[in-house]
Amino acid sequence: MGGTVRAFASRPRREAFVLGLLRGRVKLRGAGRSEVSTVSRKFYITTPIYYVNAPPHIGHAYTTIAADVIARFKRLAGYDVLFATGTDEHGIKIERTARANGVDPKEWCDRIAGEFKQLWERLNISYDDFIRTTEPRHERVAQAIFERAYRNGDIYKGIYEGWYCASCESFYLESELVEGKCPVHGRPVEWTAEECYLFRLSQYQDWLLRHIEEHPEFVEPESRRNEVLSFVRSGLLDLAVSRSTFKWGIPVPFDPDQVIYVWIDALTNYITVAGYGQDEERFQKFWPADVHLVGKEILRFHAVIWPILLHSAGIAPPKKVFAHGWWTFKEQKISKSTGVLVDPWDLAQALARLSGAEVGVAVDAIRYFLLREVPFGQDGDFSDDNLITRFNADLANDYGNLLNRTLPLVERYFQGVVPEPGPAEDRDHLLRETALQVVDAVEGAIDRLELHRALQEIWRLLGAANKYLDEGAPWSLVRRGQERRAATVLYNTLEAFRIATILLSPTCPTATRRAWEQLGIPVPLEEQRLEDARKWQGFPWGTRVRPGKPIFPRIEREAVRAVVEEEQPQKGGERVEEISLDEFKRLDLRVGIVREAKRVPGTEKLLELRVDIGGEVRTLVTGLIPHYTAEDLVGKRIVVLANLQPRQVRGVTSQGMLLAAEWDNEVALLTVEKDPPPGAKVS
Ligand code: MSP
């Protein structure tokens with residue numbers, strides 16, 4: 001590692017000092033003694049815990065990916081990180097959903113919590129704790145906090161009347177309703193009047209105002225902070241904190257007829273995870289949380305109720321609540337209540353199929369896209385087209401292609417061994433300066449939660465490196481016999497790429513690992529720290545590179561058109577052009593047997609079929625409703641076009657097409673005589 005040692009010796013003083021901090025330790029020298037102690041820095045970040053009334057979608061993935069990127073970055077910077085997510089499993093809404101699905105609530109919660117965990121694994125979410133509110137460790141904490149507020153006199157018994165939205169699990173004032181419906185979900189609200197416990201929120205209004213005013217960083221972004229301030233200034237009402245009309249909740253410890261209001265239950269998850277009441281040392285270390293990341297619609301719960309509840313119990317409030325914006329899909333909110341759902345795993349699989357990238361890399365592209373496309377804090381509209389543009393331009397071209405054009409040059413001119421750089425010229429200094437500035441800028445942006453800005457900065461470095469390589473043109477240097485200079489240009493390009501790869505690793509963990517393997521650096525990427533990105537010329541020369549396949553293969557627009565297009569009804573009676581027999585033979589038509597059929601949720605006419613085409617069962621999405629029901633189709637022999645490019649229809653990948661006749665708004669399936677086996681060729 002000759003390069004590393006030399007670079008270390010020439011590092012300016014300021015960097016050396018920063019490095020001391022980066023490992024998460026500060027050296028303290030006592031007067032008269034040369035004692036060295038280490039102080040480790042902690043970072044605790046949370047996502048909301050998600051309701052288990054429906055499976056996860058891209059909106060949940062957004063918050064969780066953002067938290068994951070921050071957590072990974074902080075680990076890279078040497079922090080001791082606690083990153084928690086989980087599921088919110090109590091309340092009337094969950095109870096009703098479970099019953100509607102014919103199972104008891106616990107069984108339902110187990111099922112959906114499992115789906116969340118599975119998705120987080122697939123999306124490479126590195127959480128340290130997954131909390132479920134039905135766990136005994138949490139029930140104890142929720143009860144303890146409730147009891148503490150009761151003993152303080154902050155909770156009293158009364159009657160609460162109001163409009164309740166089961167989707168929000170929240171009461172609304174008449175004046176807050178929009179056309180008599182829930183302002184968030186647009187759904188009917190229920191008039192509820194019941195005996196319950198109430199919490200004296202009103203008592204803490206002045207304390208909270210002062211807290212928010214004195215801690216400008218407590219609620220971010222600033223526009224959201226102003227909203228919270230004016231809400232608090234308008235006056236806080238006491239809050240109903242228990243319910244008695246259903247049972248699916250944590251019992252009030254001193255009154256078994258009541259269950260704790262689901263939001264009080266849910267919010268306390270953040271201290272359960274930190275070890276409250278169970279592991280004092282852990283709690284001292286991790287509480288207060290550094291950031292609660294939330295969507296803007298649940299900011300009030302986190303920035304008003306939560307700090308007051310904690311304050312009443314004598315516990316410090318979290319350091320920051322950050323509310324990000326909403327993703328919409330074709331301008332509609334993505335959520336269970338609107339029926340517009342985008343499944344991130346389906347999306348990743350489609351992207352992998354389209355590009356030929358491995359699925360983990362496609363996941364990285366989605367992670368990158370979500371954070372890069374929209375400034376963190378603002379709303380955004382999801383579009384496949386923009387995703388593909390970012391995939392091709394940023395990931396395939398600026399990042400992937402920089403590697404794919406540098407490594408072959410190292411192979412060609414230096415036998416695949418990274419050469420030692422020669423003396424630096426102005427443009428080399430400039431690249432070095434850019435790289436070092438970018439490392440600082442990325443760290444600063446992450447600390448300010450400007451995740452899009454952090455990515456822009458990494459791309460500033462990639463842009464500079466691409467330009468440096470183009471202008472340095474090592475191929476013509478070699479032609480002119482200037483091998484030493486060519487070595488410098490290639491070395492520095494790879495060096496900038498190495499630094500960008502470390503910085504990008506929290507966002508794209510799989511793709512950067514693949515790139516690192518191609519660089520051939522023996523110390524694995526997982527063991528790199530931010531300080532390694534600050535060591536200019538830290539790339540050990542003499543390293544044998546291992547060029548491989550492009551990590552982000554470009555996506556062809558033609559293939560995309562076939563995939564994103566929704567099913568279009570075939571028009572009958574049109575003149576069609578003639579084709580040759582050879583052209584017809586390119587169609588792989590086969591007999592298939594429908595094994596399963598179900599409606600695609602959120603659509604009016606689409607059915608998802610599982611069709612046995614001989615040795616393989618394919619998923620087909622077809623618009624057969626109202627002509628056929630799911631039951632009509634199971635067991636039927638149909639004719640399938642098996643070599644149609646797969647395409648994405650409402651979040652489901654359709655792997656073929658079935659044949660049907662269409663006339664006058666009627667549709668009839670093509671079937672076959674004599675019951676041939678599935679897979680029989682049709683010609
Ligand atoms: N269970 C409560 C939270 C309790 S936290 C103590 C809850 N759950 S939820 O399942 O409805 O999740 C809401 C959160 O999911 C949002 O705050 C946001 O983090 C994320 N999102 C859900 N849909 C989203 C979008 N369409 N866009 C962006 N984020 C979204 O509320």
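**Ligand site**

I looked up G59 and found one of its backbone N or O atoms 3.4 Å from a nitrogen atom of the ligand. I counted this as a polar contact, that is, a pair of N or O atoms within 3.5 Å; within protein, one atom must be able to donate a hydrogen and the other to accept it, and residues adjacent in sequence count only if both atoms are side-chain atoms. The model is predicted: local features need pLDDT of at least 70, side-chain atom pairs count only at pLDDT 80 or more, and totals for chains, interfaces and linings use all residues. Residues are numbered from 1 along each chain as its sequence is written, and side-chain values use heavy atoms, with hydrogens and water left out.

I then turned to the side chains at the ligand. T63 places a polar side-chain atom 2.6 Å from an oxygen atom of the ligand. For D88, I noted a side-chain N or O atom 2.7 Å from a nitrogen atom of the ligand. Around the ligand I listed 24 residues, of which I49, T63, D88, E297 and W327 come nearest; a residue is near a molecule or strand if one of its heavy atoms lies within 4 Å of it.

**Domains**

I recorded domain 1 (3-30), domain 2 (42-333), domain 3 (360-533) and domain 4 (584-669) from the domain assignment. These bounds come from an automatic or database domain assignment. The centres of domain 3 and domain 4, taken over C-alpha atoms, are separated by 44 Å.

**D290**

I located D290 in the loop between α11 (280-286) and β14 (291-295). Helices (H or I, at least four residues) and strands (E, at least two) are DSSP runs, numbered from the N terminus. D290 is buried at a relative accessible area of 11%, where buried means under 20%, exposed over 50%, and partly exposed in between (1.4 Å probe, protein chains only).

What does the side chain of D290 reach at 2.8 Å? I found the backbone nitrogen of Y44 at that distance. The D290 side chain also makes a polar contact with the side chain of K319, at 3.1 Å. Not counting residues up to four places away in sequence, D290 touches K42, F43, Y44, K319 and K320; contact means heavy atoms within 4.5 Å.

I traced an open sheet of four strands in the order β7-β6-β8-β10, with antiparallel pairing. Since β7 (170-172) and β10 (239-240) stand at the edges with a single partner strand each, one side of each is left without a neighbour in the sheet. Two strands pair if DSSP finds at least two bridges between them. Strand β6 (residues 155-165) is joined to β7 by three bridges, antiparallel, and Y164 has F171 in β7 as its bridge partner.

The other open sheet I followed has three strands in the order β11-β13-β12, also paired antiparallel. Here β11 (242-243) and β12 (251-252) are at the edges, each with a single partner strand, so one side of each lacks a neighbour in the sheet. Two bridges join β11 to strand β13 (residues 255-260), and R243 stands opposite V259 in β13. Helix α6 (residues 136-152) lies across β11, β12 and β13 and runs at about 105° to β13. Axes are lines fitted to C-alpha atoms, for helices over the stretch in contact, and angles run from 0 to 180 degrees between N-to-C directions.

**Strand β20**

Why did I note β20 as largely enclosed by the rest of the structure? The reason is that five of the six residues of this strand (residues 607-612) are buried. β20 pairs antiparallel over six bridges with strand β19 (residues 589-599), and over six bridges, again antiparallel, with strand β21 (residues 617-622). I checked L607 in β20: R599 stands opposite L607, and T622 in β21 is the bridge partner of L607. The hairpin of β20 and β21 has four residues between the strands, and G614 there takes a positive phi near 90°.

**A445 and E457**

I placed A445 in helix α16 (residues 426-447) and E457 in helix α17 (residues 451-472). A445 is buried at a relative accessible area of 0%; E457 is buried at 15%. Their C-alpha atoms are separated by 8.9 Å, with the two residues 12 apart along the chain.

Leaving aside neighbours within four places in sequence, A445 is in contact with E450, R453 and A454. On the same terms, E457 is in contact with V438, A441 and V442. I also took the C-alpha to C-alpha distance from E457 to A496, which is 13 Å for 39 residues in sequence.
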